[in-house]
Amino acid sequence: MTDAFVLALSGVFDPYTLALMAVATFAGIVSAAIPGFTITMAIVLTLPLTFAMPPLQGVAVMLSVYVGGLSGGLFSAALLGIPGTPSSVATTFDAFPMARKGQPGKAISLGLVASFLGSLISIIVLIMAAPPLALLAVKLGPWEYFALILFALTIIASLVGDSLLRGLIAGLIGIGLATIGPDPIMGRERFTFGQEMLTAGIPFLVVLIGMYAMSQLLSELEPSRSGKPQSASLISGDMRPHLLETLTLTVMKPVNTLRSSLIGVFIGAVPGAGSSISNLLAYDQAKRASKHPETFGQGEPQGVVASESGNSSTVGGSMIPLIALGIPGSPVDAVLMAAIMVHGISIGPRLILDNPDLVYGMFISMAVASVFMLFIGLALMRAFLRLLNVPKYIVVPVVLACCAIGAFTLNNRISDLYLLGCIGAVGYVLKKLDYPLAPLVLGVVLGPIAETNLRRAFQTSDDWTLFLTRPISAMLLVLAAISIVYSIVSYTKRRHTSASLE
(Lines give C-alpha, C1' and ligand atoms only; values in the text may rest on other atoms or scores of the structure.)
Protein backbone atom coordinates (compact mmCIF):
# COMPACT_ATOMS: atom_id res chain seq x y z
CA MET A 1 0.00 0.00 0.00
CA THR A 2 2.90 2.36 0.73
CA ASP A 3 4.32 1.73 -2.73
CA ALA A 4 0.91 2.43 -4.29
CA PHE A 5 0.60 5.71 -2.37
CA VAL A 6 4.10 6.83 -3.46
CA LEU A 7 3.27 5.88 -7.06
CA ALA A 8 0.02 7.87 -6.91
CA LEU A 9 1.79 10.85 -5.35
CA SER A 10 4.44 10.90 -8.08
CA GLY A 11 1.77 10.56 -10.77
CA VAL A 12 -0.34 13.47 -9.55
CA PHE A 13 2.62 15.76 -8.82
CA ASP A 14 4.07 15.28 -12.28
CA PRO A 15 4.50 18.87 -13.63
CA TYR A 16 2.49 18.16 -16.79
CA THR A 17 -0.37 16.60 -14.79
CA LEU A 18 -0.42 19.54 -12.38
CA ALA A 19 -0.56 21.98 -15.31
CA LEU A 20 -3.49 20.07 -16.83
CA MET A 21 -5.28 20.02 -13.46
CA ALA A 22 -4.84 23.79 -13.05
CA VAL A 23 -6.32 24.40 -16.52
CA ALA A 24 -9.17 21.96 -15.80
CA THR A 25 -9.98 23.65 -12.48
CA PHE A 26 -10.06 27.03 -14.22
CA ALA A 27 -12.36 25.60 -16.90
CA GLY A 28 -14.66 24.13 -14.24
CA ILE A 29 -14.94 27.45 -12.39
CA VAL A 30 -15.64 29.47 -15.56
CA SER A 31 -18.15 26.98 -16.98
CA ALA A 32 -20.11 26.82 -13.72
CA ALA A 33 -20.15 30.62 -13.48
CA ILE A 34 -22.09 30.76 -16.78
CA PRO A 35 -25.82 30.44 -15.97
CA GLY A 36 -27.16 27.32 -17.64
CA PHE A 37 -23.83 25.59 -18.28
CA THR A 38 -23.85 22.74 -15.78
CA ILE A 39 -20.97 20.79 -14.27
CA THR A 40 -22.20 17.69 -16.09
CA MET A 41 -21.85 19.49 -19.44
CA ALA A 42 -18.29 20.51 -18.58
CA ILE A 43 -17.38 16.96 -17.52
CA VAL A 44 -18.90 15.42 -20.66
CA LEU A 45 -16.95 17.85 -22.86
CA THR A 46 -13.75 16.96 -20.98
CA LEU A 47 -14.20 13.18 -21.27
CA PRO A 48 -12.98 12.76 -24.90
CA LEU A 49 -9.83 14.75 -24.10
CA THR A 50 -8.82 12.19 -21.45
CA PHE A 51 -8.93 9.10 -23.67
CA ALA A 52 -5.29 9.51 -24.76
CA MET A 53 -4.09 10.17 -21.20
CA PRO A 54 -2.91 7.60 -18.64
CA PRO A 55 -5.78 6.52 -16.34
CA LEU A 56 -4.62 8.50 -13.29
CA GLN A 57 -3.95 11.65 -15.30
CA GLY A 58 -7.32 11.49 -17.05
CA VAL A 59 -9.25 10.97 -13.80
CA ALA A 60 -7.27 13.77 -12.11
CA VAL A 61 -8.22 16.19 -14.89
CA MET A 62 -11.91 15.29 -14.68
CA LEU A 63 -11.95 15.55 -10.90
CA SER A 64 -10.39 19.02 -11.22
CA VAL A 65 -13.26 20.12 -13.47
CA TYR A 66 -15.69 18.64 -10.92
CA VAL A 67 -14.15 20.44 -7.93
CA GLY A 68 -13.84 23.74 -9.80
CA GLY A 69 -17.40 23.51 -11.08
CA LEU A 70 -18.92 23.04 -7.62
CA SER A 71 -17.49 26.41 -6.52
CA GLY A 72 -17.80 28.27 -9.84
CA GLY A 73 -21.53 28.87 -9.45
CA LEU A 74 -20.65 31.12 -6.52
CA PHE A 75 -19.53 33.95 -8.81
CA SER A 76 -22.79 34.45 -10.67
CA ALA A 77 -24.79 33.72 -7.50
CA ALA A 78 -23.02 36.47 -5.56
CA LEU A 79 -22.59 39.07 -8.30
CA LEU A 80 -25.73 38.61 -10.39
CA GLY A 81 -28.15 36.91 -8.00
CA ILE A 82 -28.30 34.04 -10.53
CA PRO A 83 -27.18 30.54 -9.46
CA GLY A 84 -24.67 29.40 -12.07
CA THR A 85 -25.49 25.76 -11.23
CA PRO A 86 -28.27 24.06 -9.22
CA SER A 87 -25.71 23.49 -6.46
CA SER A 88 -25.43 27.25 -5.81
CA VAL A 89 -29.13 28.08 -5.41
CA ALA A 90 -28.86 28.63 -1.64
CA THR A 91 -25.71 30.74 -2.13
CA THR A 92 -27.80 33.47 -3.76
CA PHE A 93 -29.86 33.91 -0.58
CA ASP A 94 -27.07 35.70 1.30
CA ALA A 95 -24.13 36.18 -1.07
CA PHE A 96 -26.10 38.45 -3.43
CA PRO A 97 -27.52 40.69 -0.64
CA MET A 98 -24.00 40.92 0.82
CA ALA A 99 -22.63 42.01 -2.56
CA ARG A 100 -25.48 44.51 -2.95
CA LYS A 101 -24.53 46.00 0.41
CA GLY A 102 -21.12 46.86 -0.99
CA GLN A 103 -19.18 43.74 0.07
CA PRO A 104 -18.78 41.67 -3.13
CA GLY A 105 -15.15 40.81 -2.35
CA LYS A 106 -16.04 39.47 1.07
CA ALA A 107 -18.98 37.45 -0.30
CA ILE A 108 -16.87 35.67 -2.91
CA SER A 109 -13.82 35.03 -0.72
CA LEU A 110 -16.09 33.68 2.02
CA GLY A 111 -17.65 31.26 -0.44
CA LEU A 112 -14.28 30.16 -1.83
CA VAL A 113 -12.76 29.46 1.59
CA ALA A 114 -15.91 27.58 2.66
CA SER A 115 -15.79 25.52 -0.56
CA PHE A 116 -12.13 24.71 0.06
CA LEU A 117 -12.76 23.59 3.65
CA GLY A 118 -15.84 21.61 2.64
CA SER A 119 -13.86 19.77 -0.03
CA LEU A 120 -11.02 18.93 2.40
CA ILE A 121 -13.42 17.68 5.07
CA SER A 122 -15.21 15.48 2.53
CA ILE A 123 -11.89 14.00 1.34
CA ILE A 124 -10.92 13.15 4.93
CA VAL A 125 -14.30 11.48 5.50
CA LEU A 126 -13.97 9.66 2.16
CA ILE A 127 -10.60 8.18 3.12
CA MET A 128 -11.73 7.16 6.61
CA ALA A 129 -15.32 6.08 6.14
CA ALA A 130 -15.84 4.98 2.53
CA PRO A 131 -16.78 1.32 3.19
CA PRO A 132 -19.32 1.75 6.05
CA LEU A 133 -21.00 4.83 4.51
CA ALA A 134 -21.22 3.15 1.13
CA LEU A 135 -22.89 0.09 2.67
CA LEU A 136 -25.39 2.36 4.47
CA ALA A 137 -26.21 4.25 1.26
CA VAL A 138 -26.80 1.00 -0.65
CA LYS A 139 -29.24 -0.26 1.99
CA LEU A 140 -31.56 2.68 1.33
CA GLY A 141 -34.67 1.52 -0.50
CA PRO A 142 -37.46 3.63 -2.05
CA TRP A 143 -39.05 4.02 1.41
CA GLU A 144 -35.90 5.65 2.80
CA TYR A 145 -35.42 7.77 -0.33
CA PHE A 146 -38.98 9.08 -0.11
CA ALA A 147 -38.58 9.85 3.60
CA LEU A 148 -35.28 11.62 2.91
CA ILE A 149 -36.82 13.77 0.16
CA LEU A 150 -39.85 14.50 2.35
CA PHE A 151 -37.46 15.66 5.05
CA ALA A 152 -35.66 17.83 2.49
CA LEU A 153 -39.01 19.29 1.35
CA THR A 154 -39.59 20.57 4.88
CA ILE A 155 -36.92 23.15 4.04
CA ILE A 156 -39.73 25.02 2.23
CA ALA A 157 -41.13 26.01 5.62
CA SER A 158 -37.88 27.85 6.47
CA LEU A 159 -37.58 29.59 3.09
CA VAL A 160 -41.05 31.15 2.96
CA GLY A 161 -39.93 34.73 3.59
CA ASP A 162 -42.50 37.05 5.15
CA SER A 163 -45.58 34.96 4.36
CA LEU A 164 -46.00 31.29 5.18
CA LEU A 165 -48.98 31.01 2.82
CA ARG A 166 -47.12 32.55 -0.13
CA GLY A 167 -44.12 30.33 0.48
CA LEU A 168 -46.23 27.17 0.55
CA ILE A 169 -48.10 28.26 -2.60
CA ALA A 170 -44.75 28.82 -4.35
CA GLY A 171 -43.61 25.35 -3.30
CA LEU A 172 -46.82 23.79 -4.65
CA ILE A 173 -46.38 25.68 -7.94
CA GLY A 174 -42.89 24.16 -8.22
CA ILE A 175 -44.17 20.64 -7.54
CA GLY A 176 -46.95 21.25 -10.09
CA LEU A 177 -44.45 22.34 -12.77
CA ALA A 178 -42.45 19.16 -12.12
CA THR A 179 -45.50 16.98 -12.91
CA ILE A 180 -45.84 18.37 -16.46
CA GLY A 181 -44.64 16.03 -19.19
CA PRO A 182 -43.88 12.30 -19.18
CA ASP A 183 -44.70 10.16 -16.19
CA PRO A 184 -41.37 9.26 -14.45
CA ILE A 185 -42.30 5.57 -14.17
CA MET A 186 -44.47 4.72 -17.19
CA GLY A 187 -43.48 7.59 -19.50
CA ARG A 188 -47.08 8.61 -20.25
CA GLU A 189 -47.86 12.26 -20.98
CA ARG A 190 -49.77 14.28 -18.41
CA PHE A 191 -50.83 17.90 -17.88
CA THR A 192 -49.56 18.92 -21.34
CA PHE A 193 -52.97 20.38 -22.38
CA GLY A 194 -52.28 19.45 -25.97
CA GLN A 195 -49.19 21.69 -26.20
CA GLU A 196 -46.37 20.02 -28.09
CA MET A 197 -43.66 22.02 -26.30
CA LEU A 198 -44.77 20.48 -22.98
CA THR A 199 -44.65 16.84 -24.12
CA ALA A 200 -41.05 16.45 -22.94
CA GLY A 201 -41.72 18.27 -19.69
CA ILE A 202 -40.16 21.46 -18.37
CA PRO A 203 -36.43 20.93 -17.75
CA PHE A 204 -35.26 21.92 -14.29
CA LEU A 205 -32.47 24.04 -15.74
CA VAL A 206 -34.97 26.10 -17.73
CA VAL A 207 -37.00 26.71 -14.55
CA LEU A 208 -33.86 27.64 -12.61
CA ILE A 209 -32.62 30.10 -15.26
CA GLY A 210 -36.08 31.54 -15.87
CA MET A 211 -37.00 32.04 -12.23
CA TYR A 212 -33.70 33.50 -11.08
CA ALA A 213 -31.94 34.89 -14.13
CA MET A 214 -34.80 36.28 -16.20
CA SER A 215 -36.68 37.75 -13.25
CA GLN A 216 -33.49 39.32 -11.87
CA LEU A 217 -32.50 40.80 -15.23
CA LEU A 218 -36.00 42.25 -15.72
CA SER A 219 -35.80 43.78 -12.24
CA GLU A 220 -32.47 45.40 -13.12
CA LEU A 221 -34.13 47.18 -16.05
CA GLU A 222 -36.81 48.78 -13.86
CA PRO A 223 -36.62 52.52 -13.20
CA SER A 224 -35.78 53.52 -9.64
CA ARG A 225 -38.91 53.87 -7.44
CA SER A 226 -37.28 56.56 -5.34
CA GLY A 227 -36.69 58.78 -8.34
CA LYS A 228 -32.94 58.69 -7.71
CA PRO A 229 -30.69 57.66 -10.59
CA GLN A 230 -29.67 54.01 -10.43
CA SER A 231 -26.05 52.91 -10.41
CA ALA A 232 -24.73 52.33 -13.92
CA SER A 233 -23.19 49.01 -12.82
CA LEU A 234 -24.82 45.98 -11.22
CA ILE A 235 -22.53 45.70 -8.18
CA SER A 236 -20.18 48.24 -6.66
CA GLY A 237 -18.33 48.49 -3.39
CA ASP A 238 -15.37 46.94 -1.60
CA MET A 239 -13.64 44.50 -3.93
CA ARG A 240 -10.94 43.34 -1.49
CA PRO A 241 -11.05 39.67 -0.42
CA HIS A 242 -10.78 40.36 3.36
CA LEU A 243 -9.04 37.01 3.89
CA LEU A 244 -8.38 37.52 7.62
CA GLU A 245 -12.06 38.22 8.34
CA THR A 246 -13.06 35.35 6.04
CA LEU A 247 -10.82 32.89 7.90
CA THR A 248 -12.25 34.12 11.20
CA LEU A 249 -15.80 33.42 10.02
CA THR A 250 -14.95 29.92 8.79
CA VAL A 251 -11.97 28.47 10.67
CA MET A 252 -12.59 30.22 14.01
CA LYS A 253 -16.31 29.32 13.89
CA PRO A 254 -15.99 25.72 12.72
CA VAL A 255 -19.34 24.27 13.83
CA ASN A 256 -21.33 25.56 10.87
CA THR A 257 -18.63 24.59 8.37
CA LEU A 258 -18.22 21.11 9.83
CA ARG A 259 -21.96 20.46 10.10
CA SER A 260 -22.65 21.66 6.55
CA SER A 261 -19.74 19.63 5.16
CA LEU A 262 -20.91 16.44 6.86
CA ILE A 263 -24.43 17.02 5.48
CA GLY A 264 -22.89 17.37 2.02
CA VAL A 265 -20.88 14.16 2.46
CA PHE A 266 -23.94 12.17 3.50
CA ILE A 267 -26.17 13.57 0.73
CA GLY A 268 -23.38 12.97 -1.78
CA ALA A 269 -23.09 9.34 -0.66
CA VAL A 270 -26.81 8.78 -1.38
CA PRO A 271 -27.06 7.90 -5.10
CA GLY A 272 -29.27 10.35 -6.96
CA ALA A 273 -29.38 13.08 -4.31
CA GLY A 274 -26.46 15.36 -5.18
CA SER A 275 -25.32 18.91 -4.49
CA SER A 276 -28.60 20.52 -5.59
CA ILE A 277 -30.12 19.11 -2.38
CA SER A 278 -27.11 19.33 -0.05
CA ASN A 279 -26.61 23.10 -0.42
CA LEU A 280 -30.25 23.79 0.48
CA LEU A 281 -30.30 21.29 3.35
CA ALA A 282 -27.03 22.64 4.79
CA TYR A 283 -28.36 26.21 4.54
CA ASP A 284 -31.60 25.20 6.23
CA GLN A 285 -29.82 23.53 9.15
CA ALA A 286 -27.51 26.52 9.57
CA LYS A 287 -30.52 28.83 9.76
CA ARG A 288 -32.27 26.61 12.29
CA ALA A 289 -29.16 26.41 14.49
CA SER A 290 -28.50 30.15 14.40
CA LYS A 291 -29.37 32.38 17.35
CA HIS A 292 -30.44 35.04 14.85
CA PRO A 293 -32.23 33.24 12.00
CA GLU A 294 -33.87 36.49 10.93
CA THR A 295 -30.52 37.67 9.51
CA PHE A 296 -30.47 34.86 6.96
CA GLY A 297 -31.48 36.12 3.55
CA GLN A 298 -30.20 39.61 4.39
CA GLY A 299 -26.49 39.02 3.75
CA GLU A 300 -25.63 36.63 6.60
CA PRO A 301 -22.03 35.32 6.20
CA GLN A 302 -22.83 31.97 7.82
CA GLY A 303 -25.49 31.39 5.15
CA VAL A 304 -22.82 31.63 2.45
CA VAL A 305 -20.52 29.34 4.45
CA ALA A 306 -23.25 26.71 4.90
CA SER A 307 -24.28 26.62 1.26
CA GLU A 308 -20.79 26.54 -0.25
CA SER A 309 -19.28 24.04 2.21
CA GLY A 310 -22.41 21.89 1.82
CA ASN A 311 -22.29 21.72 -1.97
CA SER A 312 -18.50 21.34 -2.32
CA SER A 313 -18.34 18.49 0.19
CA THR A 314 -20.61 16.35 -1.99
CA VAL A 315 -17.63 15.62 -4.26
CA GLY A 316 -16.07 13.44 -1.56
CA GLY A 317 -19.40 11.91 -0.57
CA SER A 318 -20.29 10.96 -4.13
CA MET A 319 -16.97 9.12 -4.48
CA ILE A 320 -17.86 6.79 -1.57
CA PRO A 321 -20.31 4.48 -3.41
CA LEU A 322 -18.31 4.83 -6.65
CA ILE A 323 -15.00 3.69 -5.14
CA ALA A 324 -16.34 1.19 -2.61
CA LEU A 325 -19.12 -0.44 -4.65
CA GLY A 326 -18.91 0.83 -8.22
CA ILE A 327 -22.24 2.69 -7.99
CA PRO A 328 -22.27 6.21 -9.48
CA GLY A 329 -24.10 8.66 -7.24
CA SER A 330 -24.73 11.32 -9.90
CA PRO A 331 -24.44 11.89 -13.68
CA VAL A 332 -20.96 13.34 -13.11
CA ASP A 333 -19.89 10.19 -11.27
CA ALA A 334 -21.27 8.09 -14.14
CA VAL A 335 -19.02 9.99 -16.57
CA LEU A 336 -16.04 9.48 -14.24
CA MET A 337 -16.88 5.80 -14.08
CA ALA A 338 -16.93 5.65 -17.89
CA ALA A 339 -13.53 7.37 -18.05
CA ILE A 340 -12.02 4.73 -15.75
CA MET A 341 -13.63 1.82 -17.61
CA VAL A 342 -12.35 3.12 -20.97
CA HIS A 343 -8.86 2.26 -19.74
CA GLY A 344 -9.86 -1.33 -19.01
CA ILE A 345 -10.18 -0.90 -15.24
CA SER A 346 -13.21 -2.58 -13.67
CA ILE A 347 -15.25 -0.60 -11.15
CA GLY A 348 -16.49 -2.38 -8.05
CA PRO A 349 -15.59 -3.52 -4.54
CA ARG A 350 -12.17 -4.81 -5.73
CA LEU A 351 -11.11 -1.45 -7.21
CA ILE A 352 -9.14 -0.42 -4.14
CA LEU A 353 -7.51 -3.90 -3.97
CA ASP A 354 -6.64 -4.26 -7.65
CA ASN A 355 -5.77 -0.60 -8.40
CA PRO A 356 -4.78 1.07 -5.11
CA ASP A 357 -2.54 3.59 -6.91
CA LEU A 358 -5.54 4.89 -8.89
CA VAL A 359 -7.72 5.20 -5.78
CA TYR A 360 -4.99 6.98 -3.81
CA GLY A 361 -4.43 9.17 -6.86
CA MET A 362 -8.11 10.16 -6.82
CA PHE A 363 -7.83 11.17 -3.15
CA ILE A 364 -4.70 13.24 -3.81
CA SER A 365 -6.15 14.76 -7.00
CA MET A 366 -9.24 16.03 -5.16
CA ALA A 367 -7.06 17.65 -2.48
CA VAL A 368 -4.78 19.29 -5.05
CA ALA A 369 -7.75 20.44 -7.14
CA SER A 370 -9.26 22.03 -4.00
CA VAL A 371 -6.07 24.04 -3.49
CA PHE A 372 -6.09 25.09 -7.15
CA MET A 373 -9.76 26.05 -6.82
CA LEU A 374 -9.04 28.35 -3.89
CA PHE A 375 -6.12 30.19 -5.44
CA ILE A 376 -7.52 30.35 -8.98
CA GLY A 377 -10.85 31.54 -7.57
CA LEU A 378 -9.18 34.29 -5.57
CA ALA A 379 -7.15 35.29 -8.63
CA LEU A 380 -10.26 35.40 -10.82
CA MET A 381 -12.24 37.31 -8.22
CA ARG A 382 -10.95 40.74 -9.13
CA ALA A 383 -11.45 40.04 -12.84
CA PHE A 384 -15.09 39.10 -12.27
CA LEU A 385 -15.63 42.12 -10.03
CA ARG A 386 -14.07 44.44 -12.61
CA LEU A 387 -16.41 43.06 -15.25
CA LEU A 388 -19.34 44.28 -13.18
CA ASN A 389 -18.17 47.86 -13.60
CA VAL A 390 -19.34 47.48 -17.19
CA PRO A 391 -22.63 49.39 -17.61
CA LYS A 392 -25.91 47.53 -17.15
CA TYR A 393 -27.01 48.12 -20.72
CA ILE A 394 -24.08 45.91 -21.81
CA VAL A 395 -24.05 43.35 -18.97
CA VAL A 396 -27.79 42.55 -19.03
CA PRO A 397 -28.00 41.59 -22.75
CA VAL A 398 -24.79 39.54 -22.54
CA VAL A 399 -26.01 37.60 -19.47
CA LEU A 400 -29.40 37.16 -21.13
CA ALA A 401 -27.71 35.69 -24.22
CA CYS A 402 -25.69 33.28 -22.01
CA CYS A 403 -28.91 32.19 -20.29
CA ALA A 404 -30.61 31.55 -23.64
CA ILE A 405 -27.61 29.57 -24.91
CA GLY A 406 -27.49 27.52 -21.70
CA ALA A 407 -31.21 26.71 -21.92
CA PHE A 408 -30.97 25.78 -25.60
CA THR A 409 -27.87 23.58 -25.37
CA LEU A 410 -29.50 21.43 -22.67
CA ASN A 411 -31.70 19.60 -25.21
CA ASN A 412 -31.14 21.60 -28.45
CA ARG A 413 -34.83 22.55 -28.54
CA ILE A 414 -36.16 25.94 -29.64
CA SER A 415 -39.26 25.27 -27.53
CA ASP A 416 -37.10 25.50 -24.40
CA LEU A 417 -36.42 29.16 -25.26
CA TYR A 418 -40.16 29.87 -25.35
CA LEU A 419 -40.53 28.10 -22.01
CA LEU A 420 -37.63 30.15 -20.65
CA GLY A 421 -39.36 33.40 -21.60
CA CYS A 422 -42.70 32.31 -20.12
CA ILE A 423 -41.18 31.06 -16.87
CA GLY A 424 -39.07 34.22 -16.60
CA ALA A 425 -42.21 36.35 -16.90
CA VAL A 426 -43.97 34.23 -14.25
CA GLY A 427 -40.94 34.53 -11.96
CA TYR A 428 -40.87 38.30 -12.42
CA VAL A 429 -44.58 38.60 -11.53
CA LEU A 430 -44.19 36.32 -8.49
CA LYS A 431 -41.22 38.39 -7.35
CA LYS A 432 -43.23 41.61 -7.66
CA LEU A 433 -46.03 40.01 -5.62
CA ASP A 434 -43.50 39.07 -2.89
CA TYR A 435 -43.69 35.34 -3.49
CA PRO A 436 -40.35 33.68 -2.58
CA LEU A 437 -38.77 31.84 -5.52
CA ALA A 438 -36.65 29.41 -3.48
CA PRO A 439 -39.57 27.14 -2.41
CA LEU A 440 -40.72 26.97 -6.05
CA VAL A 441 -37.30 25.87 -7.29
CA LEU A 442 -37.02 23.39 -4.41
CA GLY A 443 -40.39 21.89 -5.39
CA VAL A 444 -39.21 21.44 -8.98
CA VAL A 445 -35.99 19.72 -7.81
CA LEU A 446 -37.40 17.41 -5.18
CA GLY A 447 -40.95 16.77 -6.44
CA PRO A 448 -40.06 14.23 -9.16
CA ILE A 449 -37.64 12.35 -6.87
CA ALA A 450 -40.28 12.08 -4.17
CA GLU A 451 -42.95 10.90 -6.63
CA THR A 452 -40.66 8.33 -8.26
CA ASN A 453 -39.63 6.74 -4.97
CA LEU A 454 -43.16 6.78 -3.53
CA ARG A 455 -44.46 4.91 -6.57
CA ARG A 456 -41.52 2.47 -6.51
CA ALA A 457 -42.22 1.77 -2.85
CA PHE A 458 -45.87 0.87 -3.54
CA GLN A 459 -44.90 -1.13 -6.64
CA THR A 460 -42.58 -3.18 -4.44
CA SER A 461 -45.15 -3.61 -1.68
CA ASP A 462 -48.57 -2.08 -1.02
CA ASP A 463 -47.92 -2.16 2.73
CA TRP A 464 -47.67 1.53 3.68
CA THR A 465 -46.55 0.66 7.23
CA LEU A 466 -43.09 -0.11 5.82
CA PHE A 467 -42.45 3.64 5.90
CA LEU A 468 -42.79 3.44 9.68
CA THR A 469 -41.35 0.00 10.42
CA ARG A 470 -38.08 0.42 8.49
CA PRO A 471 -35.77 2.18 11.01
CA ILE A 472 -34.06 4.69 8.72
CA SER A 473 -37.32 5.66 7.01
CA ALA A 474 -39.10 6.09 10.36
CA MET A 475 -36.26 8.21 11.73
CA LEU A 476 -36.32 10.50 8.68
CA LEU A 477 -40.13 10.88 8.86
CA VAL A 478 -39.88 11.81 12.56
CA LEU A 479 -37.20 14.37 11.70
CA ALA A 480 -39.46 15.75 8.96
CA ALA A 481 -42.35 16.15 11.41
CA ILE A 482 -40.09 17.83 13.98
CA SER A 483 -38.72 20.09 11.26
CA ILE A 484 -42.21 21.23 10.20
CA VAL A 485 -43.34 21.92 13.77
CA TYR A 486 -40.12 23.77 14.57
CA SER A 487 -40.40 25.91 11.44
CA ILE A 488 -44.03 26.86 12.12
CA VAL A 489 -43.32 27.71 15.79
CA SER A 490 -40.26 29.78 14.82
CA TYR A 491 -42.19 31.56 12.07
CA THR A 492 -45.11 32.34 14.41
CA LYS A 493 -42.77 33.61 17.13
CA ARG A 494 -40.94 35.80 14.62
CA ARG A 495 -44.22 37.26 13.34
CA HIS A 496 -45.42 38.02 16.90
CA THR A 497 -42.11 39.67 17.74
CA SER A 498 -42.26 41.78 14.61
CA ALA A 499 -45.87 42.79 15.28
CA SER A 500 -45.14 43.80 18.88
CA LEU A 501 -42.14 45.90 17.75
CA GLU A 502 -44.35 47.70 15.23
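Pro203 counts as buried, at 12% relative accessibility. I begin with this residue, in what is a predicted model, as a way into one region of the chain. Pro203 lies in the loop between β2 and α9.

Gly181 belongs to strand β1, residues 181–182. Is Gly181 buried or exposed? Gly181 counts as buried because its relative accessibility is 0%, under the 20% limit. Leaving out residues up to four places away in sequence, Gly181 touches Arg188, Glu189, Arg190, Thr192, Leu198, Thr199 and Gly201.

The loop that holds Pro203 also holds Phe191, between β2 (189–190) and α9 (204–220). The backbone of Phe191 deserves a remark: its phi is near 55°, a positive value in a residue other than glycine. Phe191 counts as partly exposed, since its relative accessibility is 47%.

A second residue may be set beside it. Asp434 has phi near 65°, again a positive value in a residue other than glycine. Asp434 sits in the loop between α19 (415–432) and α20 (438–460). With a relative accessible area of 57%, Asp434 is exposed.

Of its 502 residues, 58% count as buried. The chain exposes about 21000 Å², and carbon and sulfur atoms supply 70% of that area.

I come next to one pair of helices. Two packed helices are described by the angle between their axes and the distance between the axes. For helix α2 (residues 15–33) and helix α4 (residues 55–80), the axes come within 6 Å and cross at roughly 30°. The crossing of α2 and α4 is right-handed. Which residues of the two helices meet? From α2, the residues include Tyr16, Leu20, Met21, Gly28 and Ile29. From α4, they include Gln57, Val61, Gly68, Gly69, Ser71 and Phe75. By class, the contact of α2 with α4 has 11 nonpolar, 11 polar and no charged residues.

Ser115, found in helix α6 (residues 104–138), is in contact with Ser71, Glu308, Ser309, Ser312 and Met373, leaving aside its neighbours within four places in sequence. Ser115 is buried, with a relative accessible area of 0%.

In soluble globular proteins, nonpolar side chains tend to be buried together. In this chain, the largest nonpolar core has 78 residues, of which Tyr66 and Met319 touch the most other members. Which helix gives this core its largest share? That is α17 (residues 356–387), with 16 residues. There is also a second, separate core of 65 residues, and Leu80, Ile149, Ile277 and Leu437 are among them.

Definitions and conventions
Residues are numbered from 1 along each chain as its sequence is written. This is a predicted model: local features need pLDDT of at least 70, side-chain atom pairs count only at pLDDT 80 or more; totals for chains, interfaces and linings use all residues. Side-chain values use heavy atoms; hydrogens and water are left out. Axes are lines fitted to C-alpha atoms, for helices over the stretch in contact, and angles run from 0 to 180 degrees between N-to-C directions. Helices (H or I, at least four residues) and strands (E, at least two) are DSSP runs, numbered from the N terminus. A crossing is left-handed if the near helix is turned anticlockwise from the far one by less than a right angle, and right-handed if clockwise. Contact means heavy atoms within 4.5 Å. Ala, Val, Leu, Ile, Met, Phe, Trp, Tyr, Cys and Pro count as nonpolar, Asp, Glu, Lys and Arg as charged, and the others, Gly among them, as polar. Buried means under 20% relative accessible area, exposed over 50%, partly exposed in between (1.4 Å probe, protein chains only). Accessible areas come from the Shrake-Rupley method with a 1.4 Å probe; for residues, only the protein chains shown count as cover. A nonpolar core is a set of buried Ala, Val, Leu, Ile, Met, Phe, Trp, Tyr and Cys residues joined through side-chain atoms within 4.5 Å.
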